[in-house]
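Q: Hi! I have a protein structure open and would like to walk through it with you. Could you start me off with a term I will need?

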Amino acid sequence: MAKEVKTNAMRILDKNKVAYEMILYECDEFIDGLHTLEKTGAPAAQSFKTLVAQGKSGEYYVFVIPVAQEVQLKLAARAVGEKSVEMIHVKDINKITGYVRGGCSPLGMKKQYKTVIQKNALDFDEIYVSGGRLGATIKLSPKDLARVTGAVFEDLTGQNG
């Protein structure tokens, strides 16, 4: 029997006594969120990706949005009180977050950055986010995710409220 995989994201949820379900799937290299859906069977509307951006101030921010949508940088900047924000370069993901591309979770980054979750996540009892490594997805309550990360809910995509 394989040893149970625990990521920083899962350790944080355990420490905070948050109920979650871990979903493991075969994955050796980066696949985008839409392909992850095919492997996990997670509903697209409830599946969220984690994006990291840097504000004009130099601060980093985490944005959690539906996998099939794009972040609107003006909305994201407004949500965090910045003049503007830019997505970080793929090559910098590990250095800034401690995670690899495709395994970046809003939970358990090297530092706790200000986090904003697309507000339509509140339409669901549970959402799916990266589990903190390739091949791991976590299903949990969006309110629990916000509580543990200190996140707020704002419109980041301009698409659904």
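A: Happy to! Buried means under 20% relative accessible area, exposed means over 50%, and partly exposed is in between (1.4 Å probe, protein chains only). At 55% relative accessibility, E70 therefore counts as exposed.

Q: Good to know. What kind of model is this, and how are residues numbered?

A: This is a predicted model, where local features need pLDDT of at least 70, side-chain atom pairs count only at pLDDT 80 or more, and totals for chains, interfaces and linings use all residues. Residues are numbered from 1 along each chain as its sequence is written, and side-chain values use heavy atoms, with hydrogens and water left out.

Q: How many helices and strands does the protein have?

A: The protein has 5 helices and 8 strands. Both are DSSP runs numbered from the N terminus: helices are H or I with at least four residues, strands are E with at least two. Along the sequence, the pattern reads α-β-α-β-β-α-β-α-β-β-β-α-β.

Q: What share of the residues is buried?

A: Of the 161 residues, 48% count as buried.

Q: And how much surface does the protein expose?

A: About 8600 Å², with carbon and sulfur atoms supplying 48% of it. Accessible areas come from the Shrake-Rupley method with a 1.4 Å probe, and for residues only the protein chains shown count as cover.

Q: Let's talk sheets. In what order do the strands of the open sheet come?

A: The order is β1-β7-β6, so named for 3 strands in an open sheet with antiparallel pairing. Two strands pair if DSSP finds at least two bridges between them. β1 (20-24) and β6 (127-130) stand at the edges with a single partner strand each, so one side of each has no neighbour in the sheet. From one strand to the next, the twist averages 30°.

Q: How many bridges hold β1 and β7 together?

A: β1 and strand β7 (residues 136-140) pair over 5 bridges in the antiparallel sense. To find one on screen, look for E21, whose bridge partner in β7 is K139.

Q: Which helix lies across those two strands?

A: Helix α1 (residues 8-15) lies across β1 and β7, and runs at about 25° to β7. Axes here are lines fitted to C-alpha atoms, for helices over the stretch in contact, and angles run from 0 to 180 degrees between N-to-C directions.

Q: Okay, new spot. How do β2 and β3 pair?

A: β2 and β3 pair in the antiparallel sense over 7 bridges, and F48 stands opposite P66 in β3. The two strands form a hairpin with 4 residues between them, and G58 in the turn has a positive phi of about 100°.

Q: Is β3 mostly covered or mostly open, and what else does β3 pair with?

A: β3 is mostly covered, as 6 of its 7 residues are buried. β3 is also joined by 4 bridges to strand β5 (residues 114-118), and these two run parallel. There, Y61 has K114 in β5 as its bridge partner.

Q: Where is V116, and what does V116 touch?

A: V116 is found in strand β5 and is buried, with a relative accessible area of 0%. Leaving aside neighbours within four places in sequence, V116 is in contact with V62, F63, V64, A79, V80, V152, E154 and L156. Contact means heavy atoms within 4.5 Å. V116 and A79 are 37 residues apart in sequence, and 7.4 Å apart in space, C-alpha to C-alpha.

Q: How many salt bridges are there?

A: The structure holds 7 salt bridges. A salt bridge is a side-chain nitrogen of Lys or Arg within 4 Å of a carboxyl oxygen of Asp or Glu.

Q: Which residue does E70 meet in one?

A: The side chains of E70 and K49 meet in a salt bridge (3.9 Å, N to O). E70 lies in the loop between β3 (60-66) and α3 (73-80), and K49 in strand β2 (residues 48-55), so the pair ties together parts that are 21 residues apart in sequence. K49 is partly exposed, with a relative accessible area of 21%.

Q: What about D92, buried or exposed?

A: D92 is buried, with a relative accessible area of 15%. D92 forms a salt bridge with K91, the closest N and O atoms being 3.5 Å apart, and another with K95, at 3.6 Å. K91 is exposed at 67% relative accessibility, and K95 is exposed with a relative accessible area of 58%.
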